[in-house]
Amino acid sequence: MTTRPTRAPMRISRQMRLAGSTASLSLLLAACGGGGGGGGFPWNFGNGGGGGNGGDGSATGHMEVRTLSTRADLVSDGDVLVELVPEGGNAGGLKVTLNGKDITDAFARRADGRITGLATGLAVGPNTIKASTKLNREATLTVVNAPRSGPVLSSTQFTPYVCATPAPTAGAGATPASNASGLSTSATDAQCSIATEFKLFYRTLTPVTAAPGDGGCAFVLPDPSPATAGGPVPPTPANSCLQPYVAGTTSASAVASTTTTTGAKVPYIVRVERGTINRGIYDIAVLFDPAAPWTATAPQPQWNRKLLYSFGAGTGFPRLQFRSSQNWADDAALSRGFMVVDNSMTDSQLNGNRYLVAETTLMMKEHVIDSYGEVLYMMGNGGSGGAINQNSVASLLPGVIDGTQLGVDFADSETTAMEVMDCVQLVNFYQSPAWTALQAGATPVQVNAKKKAINGHLDHTACHGWLTFFGGLLKAGNYTPLAVADNATGAIVPSGAPTNNCQLPASLVYDPAGNPTGPRCGITDGASSVYGTTANALAPSGVRGLSNLDNVGIQYGLKALKSGAISAEEFVTLNEKVGGQDTDGNLSTARAVADADSLSIAYRAGLVSPGGNLAKVATIDLRAYDETYNLPIGQAGIHQYWRSYAHRARIDAAAGGHANHALWRFGPAGTPPSIPVEAFLAMDAWLTGLVTASPKEWTNAERTQQQVAAAKPAAASDLCYLSADTTFSTKVLNTATCDADPVLLPQGSPRQIAGGPLTEDILKCQLKPLAAADYAPVTFSPLQWSRLQAAFAQGVCDWSKPGVGQVQTAAPMTFRGGAGGKPLGPRPASS
């Protein structure tokens, strides 16, 4: 048998084409070669003509069917952007079917030379797309479609879940309250699906306000929701720079113009799409021409094909649907042609399930591409919990997000919860009779110096912030919030009415005696679809989510002991009495014990953000000062400098360096007002260069750290403003100068003082026997040693070893088949 010579398909990177760096149409034609026997171009879709690949009309060439907006097995909402790649480029006699229905008319050769089309009408579940030409054998791709309401990667969605309403409603008795949706109609199903709406706004000619009372405008949220139950929809604020645009009514002379990054000068008119995806309420805002069409294969040109995704802060586990907390009216992005995207399910305060965050981000990106067109890149933005969410997407679904702008970074929520629990234990211990008796005769300053040494922070108050703001997240049922009322003494007092983390009526949620099977609302139950459940020993008729909270073997205050900051008796008493938490989040005299299965799941899935995946994204880490708990001046004390260095340490450990990570540090004077835009522009320059230098094969392909680092611009170098520079007069680029400022240096955590690593990535330590030599030169009395042995009957942490269950990540993973998950494997290909 002879082999027919074939012409290899033309390969021009997707992102180079989108960036406008493709060859002209004539060059594309030349690249594909001339036609065969019929004398026409091989791109002829018709059944006549022909030629190419031998010209005898036999179908021997290879055809590829590729999904462009997401993997073929992770499609949602019934549509997907598809590319067809016939070997040799010949599309004569093209035929495309979806589940046997001819959809050829949806496909065409586009201006960039590719054959693309939007396949619509997919059924929920597996679908079959087939494509062939006269010269290319039929290729088949199985596309698995999930509902718009999800899930795509998860097996189940938590219930109950209270849908948002056009105006908020008040709860009564066992009837939950609802939140305002920002939409004019109500949910149509139990998945809280609400009809999509579009609004237009224009930028007025009013200058941005420079001083109070100058009559200027501000980029406030232009479309606020009703604030009270049954209340009317409030109008756009009078001081909003964006006002409602009415086609045919709003005068063109009233509309400001803007120039995008591509050099296009256009009217500053923004369209906002709002709807529901994965049960969250989303916004998509972008410059828009009301008089022109927009399709996924022919986007309007004022969009620069760049996507800014805004992730919300905080952490919470409510069982209610919310409108996103983010303000889509981002002038720095919109005015330059960026698309701005958010979803309430990616706001950390509104959803603390990090896998659900990543899943929602994936679905949002697909929706953007299917509705608006392919993107050059997606960058994230957000602080605190919003930083956790960016890191979670990068870790759980590497390749989905290309760049992260991290405000007051935490690497992930799983290991952040360790410090929450440690601080709750320590602050409560410091109020115990056992501790106070040991401090008899010491001054408050001396006592607090000991607490500082044990906690590892700049001072003793940071743990007060953790207990006050997040201690309640560990609670599975109803509880009374607590707060530290006095920083000097650490006194703990009730700080509000009884509540629960589900934000449901008290009678509906879990209670070990009264409602053992009710929904559990604590941090360990928020991701039970990922970790799984087990029998609840505290309520035998119920179940609980698996927990990875653990402090067995932790020697609190170990370095404080060795430095002489605390005595041997104080060290022994501390570790005897500090205790832990039970699986309902209640203080316990026993240490907290993780469920073994949860540990390996956390590492395999990437929920403990692995340095290898963090190394694959361009990162600018904006580290504002928040080292102490001081509410009058706006400091929570929980966003410590050391967190940025822990992030870097993970990257260093996995990749041998952190060249993909830029750290910008600021002192107690705050963050310079110009910094958010500077970071945004630096990230744009970084990712724009990355697209050119290392284009992706497809939208969610992973890059290497080397590729990311090679594209890093000078604008993304490490920098700081020294703590004495309260007017932000001098940007310092010399790292040694920044490090010489003691205010800008990292401190530590309770676990690092206990001997743990800076990476802070060990959920549960392996144990070793106590050895007196490990404490030298400190010595213990025989009674103290006996008590210490009793406190650590199983042994103490061996930090030289990996954590229990600390395995290599297998991300990306899917949990569609149930808790525990399995790797997704390679991107599906056509056959």
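Me: Which helix is roughly parallel to helix H12?
Reply: This is a predicted model, in which local features need pLDDT of at least 70 and side-chain atom pairs count only at pLDDT 80 or more, while totals for chains, interfaces and linings use all residues. Residues are numbered from 1 along each chain as its sequence is written, and side-chain values use heavy atoms, with hydrogens and water left out. Helices (DSSP runs of H or I, at least four residues) and strands (E, at least two) are numbered from the N terminus, and axes are lines fitted to C-alpha atoms, for helices over the stretch in contact, with angles from 0 to 180 degrees between N-to-C directions. The axis of H12 (residues 568-577) crosses that of residues 782-791 at roughly 25° and comes within 9 Å of it, so H12 is roughly parallel (under 35 degrees) to H20.

Me: Which residues of H20 meet H12?
Reply: Contact means heavy atoms within 4.5 Å. On the H12 side, Ala568, Glu569, Phe571, Val572, Thr573, Asn575 and Glu576 take part. Their partners in H20 are Gln784, Arg787, Leu788 and Ala791.

Me: How many residues in the contact of H12 with H20 are charged?
Reply: Asp, Glu, Lys and Arg count as charged; Ala, Val, Leu, Ile, Met, Phe, Trp, Tyr, Cys and Pro as nonpolar; and the others, Gly among them, as polar. The contact has five nonpolar and three polar residues. The number of charged residues is three.

Me: At what angle do the axes of H6 and H9 cross?
Reply: H6 covers residues 413-430 and H9 residues 462-470, and their axes come within 8 Å. The two helices are therefore roughly perpendicular (65 to 115 degrees) to each other. The crossing angle is roughly 105°.

Me: How many nonpolar residues are in the contact of H6 with H9?
Reply: From H6 come Thr416, Glu419, Val420, Cys423, Val424, Val427 and Asn428. From H9 come Cys463, His464, Trp466, Leu467 and Phe470. By class, three are polar and one is charged, and the nonpolar residues number eight.

Me: Is alanine 646 buried or exposed?
Reply: Alanine 646 lies in helix H15 (residues 642-655). Not counting residues up to four places away in sequence, alanine 646 touches Leu758 and Thr759. Buried means under 20% relative accessible area, exposed over 50% and partly exposed in between (1.4 Å probe, protein chains only). At 5% relative accessibility, alanine 646 counts as buried.

Me: How many disulfides does the structure hold?
Reply: A disulfide is a covalent bond between the sulfur atoms of two cysteines. Here a disulfide is a pair of cysteine sulfur atoms within 2.5 Å. With bonded cysteines counted along the chain, the pattern is 1-2, 3-4, 5-6, 7-8, 9-10, 11-12. The total is six.

Me: Is the link of cysteine 217 and cysteine 241 left-handed or right-handed?
Reply: The sulfur atoms of this pair are 2.0 Å apart. Both cysteine 217 and cysteine 241 are buried. With 95° about the S-S bond, the link is right-handed.

Me: How many residues apart in sequence are the parts tied together by cysteine 502 and cysteine 521?
Reply: A disulfide joins cysteine 502 to cysteine 521, and with -105° about the S-S bond the link is left-handed. Both cysteines lie in the loop between strand S21 (491-494) and helix H10 (528-531). The parts are apart in sequence by 19 residues.

Key. Angles under 35 degrees count as roughly parallel, over 145 as roughly antiparallel, 65 to 115 as roughly perpendicular and the rest as oblique.
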